[in-house]
Amino acid sequence: FLISGFVIPFSFHEPRPLLRFAVRRIIRLYPAYWLSLALALLIFPPLTGENYSTARIVANVTMAQAAFGQRDVIGAYWTLFIELAFYGLCMGLFATRLLSDWRAVVTAIFTALAISFAVATYASLHGSHLPANVPLNIALMFLGTLLRRAWLEQDMGAKRWVVAVSLGWAVLVPPILWLTPSQPDMPITPLSFCIAYWLALGLFVGASKLKVPKGRAFIWLGVVSYSIYLFHDICIEVMLKLVPPVDLWRDTLFTGAVVGPSIILASLIYHLIEHPSIRIGHRLIKAVQARALTAQMLKSAGN
C-alpha cells in the first residue's frame, strides 16, 4: 500500500492522462490476475475440497468481489479492491487538480482515518464485522503519497507535515484494529496486524531514507512482484500437500519450497503474460492518441 501510494499518483502523463492511466492500469492488472484466478479454480477444489459458486466466480472476475459481498477465491486478492478504490480516488483528485496539493493529500489521510475509526467504533458497538481496514489502508496509501511529496518532490508543505501525519497514522492503527471485531475464520490477532503495520512503515521509511544497497536481484524482484503476489498462494496450497510444515526442519523446507517456485512461476508469468500485456497497453494508448489527433486535424481542416 505504501509503495502504491508512493508511485501511482505520479503515473498521470499527458496527453489524455486519465485515459492513459485507466488503460495502463487495466492492462497491467487484469491479464495476470485472470490467469491466477483460472489456475486457482483448477487446482484448489481437488486440494482443499472447496466448491465455488457461479456468483463467487463471476464476482472474482471483476476484481471487485468485495463490492458484491463475495469472498476472494485467493486470500491475497483482498488488497486488490482497495487498490482499485485508490486508483479511483487518485483519478478524481487529479481531475480536480488536487492530487499535487499536499493539503489535499493530508486531508485525504485524516478523512480516511476518521471514517475507519467511525466504522470500527460502530462495528464494536453492534458486534458486527465491518471493513474498517479499507479506509485505514487508503490512508496508508495516501501516506505513501505524502512521503514521496516530501522526499522526492521536495514539497515544503509535505515536509512540514510528514512526521506528524506518519505518527498520527501509527497511533490510530491500534484502536481501529482492536475496535473492529475479527472475522470468525481469521487466525490473525489485532496485535499481530498492528505490529505488521508498524514494521512495514518502519521498513519503508528506513529503506527509503538510508543508503540501502541496490542490485539487479532487488530490481528483478520488484519487476515480478505483482505475479509473486498473485501466484504465491497457489504455491502454498500445493506445497501444503507435498511438504506440510510440522516441525522446524519441515517448516524450513516448506518455506523454501514455496518461495523458490513462487519466484520462478512469477518470472514465467511476467515474461509470458505481464510484459506482453504492458506492450499491448502502450500500443492501445498510441492508437487512441493517433485517432484523437486525426479527428482534431480533420475538425481543424473543416473549420
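This section describes the cores, individual residues, surface patch and salt bridges of a predicted model.

Residues are numbered from 1 along each chain as its sequence is written, and side-chain values use heavy atoms, with hydrogens and water left out. Local features require pLDDT of at least 70 and side-chain atom pairs count only at pLDDT 80 or more, whereas totals for chains, interfaces and linings use all residues.

The largest nonpolar core has 63 residues. A nonpolar core is a set of buried Ala, Val, Leu, Ile, Met, Phe, Trp, Tyr and Cys residues joined through side-chain atoms within 4.5 Å. Buried means under 20% relative accessible area, exposed means over 50%, and partly exposed lies in between (1.4 Å probe, protein chains only). Ile109, Leu143, Leu146 and Trp169 have the most contacts inside this core. Two or more residues each come from α1 (2–7), α2 (17–48), α4 (78–95), α5 (102–126), α6 (133–151), α7 (156–179), α8 (190–209) and α10 (225–242). Helices (H or I, at least four residues) and strands (E, at least two) are DSSP runs, numbered from the N terminus. The most residues, 12, are given by α6.

Trp169 illustrates the packing. Contact means heavy atoms within 4.5 Å. Beyond its neighbours within four places in sequence, Trp169 is in contact with Leu113, Leu136, Ala139, Leu140, Leu143, Tyr197 and Leu201. A second core is separate and has 5 residues, including Met239, Val243, Phe254 and Ala257.

Asn60 lies in helix α3 (residues 54–62). Asn60 is buried, with a relative accessible area of 0%. With residues up to four places away in sequence not counted, Asn60 touches Tyr33, Leu37, Gln65, Arg71, Asp72, Val73 and Tyr77.

Two loop residues other than glycine were examined for backbone geometry. Arg97 has a positive phi, near 65 degrees. Arg97 sits in the loop between α4 and α5 and is exposed, at 74% relative accessibility. The phi of Gln154 is also positive, near 55 degrees. Gln154 belongs to the loop between α6 and α7 and is partly exposed, at 43% relative accessibility.

Trp178, Leu191, Ile195 and Leu199 make a nonpolar surface patch of about 420 Å². Patches consist of residues with over 30% relative accessible area and no salt bridge; like charges are joined within 9 Å, and nonpolar side chains (Val, Leu, Ile, Met, Phe, Trp, Tyr) within 5 Å. Accessible areas come from the Shrake-Rupley method with a 1.4 Å probe; for residues, only the protein chains shown count as cover. Helix α8 supplies the largest share of the patch, 3 residues. Leu191 is in α8 and is partly exposed, at 47% relative accessibility.

The structure holds 6 salt bridges. A salt bridge is a side-chain nitrogen of Lys or Arg within 4 Å of a carboxyl oxygen of Asp or Glu. Glu50 pairs with Arg71, with the closest N and O atoms 3.7 Å apart. Glu50 is partly exposed, at 26%, whereas Arg71 is exposed, at 51%. Glu50, Arg56 and Arg71 are linked in a salt-bridge network.

Further pairs were found. Arg103 and Asp101 form a salt bridge at 3.1 Å, N to O. Arg149 and Asp155 form another at 3.3 Å, N to O. Arg149 is buried at 11% relative accessibility, and Asp155 is buried at 14%.
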